[in-house]
Amino acid sequence: MSASPVILASGSAQRRDLLERIGVEFEVRVSGVEEIVHGDPAEVVLANALLKARSVAETAPGCLVIGCDTDVVLEDHIIGKPDDEVRAREYLAQLSGRKHRVLSGLAIVGPEPEQVRTGVAESAVRFRELEKSEVDRYLASGEWRGRAGGYAIQGRGSSLVAGVEGDIANVIGLPVGLLLDLAPELDL
């Protein structure tokens, strides 16, 4: 375990679950920063991760702060979290039968404020051709709420997926391999 306290700068239940599964002891402090939503997708996720980590690190001297931002990208355009069911349906229709990328920016700040490590993880997800009835059932589940691209691969959304290339933890919301590369002091 890291000699410095570890803080996850995110309220994401999926990120908490992934950290717990790999045995990291941490606390959660949500950054509350306003995220960037436009620009080159890799630059956007990295900038958002850094904003989150730095915001929390300012109030947590001597801690190791983990900031992460994950987005779904189709044809170099970010598909964010749908605002409503209509938008979620549009997103799923766009993804149906196609391959898209999931990018996560990861920023580790601390334990000293000038210690900053960053990286971007990329996974590819291919969706099955979706029938209207499948989309209707999925939307009725409500699982799409608050999910980049309008789906959650770790839940019912797995039924929408034909395959994944790369780190599935990245698709869930925290690239564990990249985290361990950037923060070997987590000493799992």
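## Thr70 and its contacts

Leaving aside residues up to four places away in sequence, Thr70 touches Arg15, Val45, Val102, Leu103, Ser104, Ala148, Asn170 and Gly173. The model is a predicted one. Thr70 sits in strand 3. Its relative accessible area is 12%, under the 20% cut-off, so Thr70 counts as buried.

The side chains of Thr70 and Ser104 are joined by a polar contact of 2.6 Å. A polar atom of the Thr70 side chain also lies 3.3 Å from the backbone oxygen of Gly173.

## The largest pocket

What lies nearest the centre of the largest pocket? Thr70 is among the residues there, together with Asp69, Asp71, Lys81 and Ala148. The lining has 36 residues, and the pocket volume is about 770 Å³.

Which element gives the largest share of this lining? Strand 3 does, with four residues. Helix 1, strand 3, strand 4 and helix 5 (168–172) each supply at least two. By residue class, the lining of the largest pocket holds 14 nonpolar, 14 polar and eight charged residues.

## The second largest pocket

The second largest pocket has a volume of about 150 Å³. It is lined by 13 residues. Nearest its centre lie Ala57, Glu58, Val109, Glu112 and Pro113. The lining of this pocket divides into eight nonpolar, two polar and three charged residues.

## Helix 2

Helix 2 covers residues 41–57. How does its span compare with expectation? At 1.5 Å a residue, its 17 residues should span 24 Å, and the end C-alpha atoms are 24 Å apart, which agrees. At the start of helix 2, Asp40 places a side-chain oxygen within 3.2 Å of the backbone nitrogen of Ala42.

Which residues of helix 2 are buried? They are Pro41, Val44, Val45, Asn48, Ala49, Leu50, Lys52, Ala53, Val56 and Ala57. An α-helix has 3.6 residues a turn, so residues three or four places apart point the same way.

Ala57 is among the residues nearest the centre of the second largest pocket.

Ser12 has its place in the loop between strand 1 and helix 1. Is Ser12 buried or exposed? Its relative accessible area is 16%, under 20%, so Ser12 is buried. A polar atom of the Ser12 side chain lies 3.2 Å from the backbone nitrogen of Gln14.

## Val164 in strand 7

Val164 belongs to strand 7 (residues 161–165). Its relative accessibility is 31%, between the 20% and 50% cut-offs, so Val164 counts as partly exposed. Residues up to four places away in sequence aside, Val164 touches Ala124, Val125, Ile153 and Val171.

How far apart are the C-alpha atoms of Val164 and Val86? They are separated by 26 Å, with the two residues 78 residues apart along the chain.

Definitions and conventions:
Residues numbered from 1 in each chain as written. Predicted model: local features only at pLDDT ≥ 70, side-chain atom pairs only at ≥ 80, totals over all residues. Heavy atoms only, no water. Expected span 1.5 Å × (residues − 1). Buried < 20%, exposed > 50% of the residue type's maximum accessible area, 1.4 Å probe, protein only. Polar contact = N/O pair within 3.5 Å; in protein donor to acceptor, adjacent residues only side chain to side chain. 1 Å grid on protein atoms, 1.4 Å probe; cavity = no way out; pocket = protein on both sides within 12 Å on 5 of 7 lines; lining within 4 Å. Points joined across faces, edges and corners; volume = space filled by probe spheres on them. Nonpolar A, V, L, I, M, F, W, Y, C, P; charged D, E, K, R; others polar. Contact = heavy atoms within 4.5 Å.
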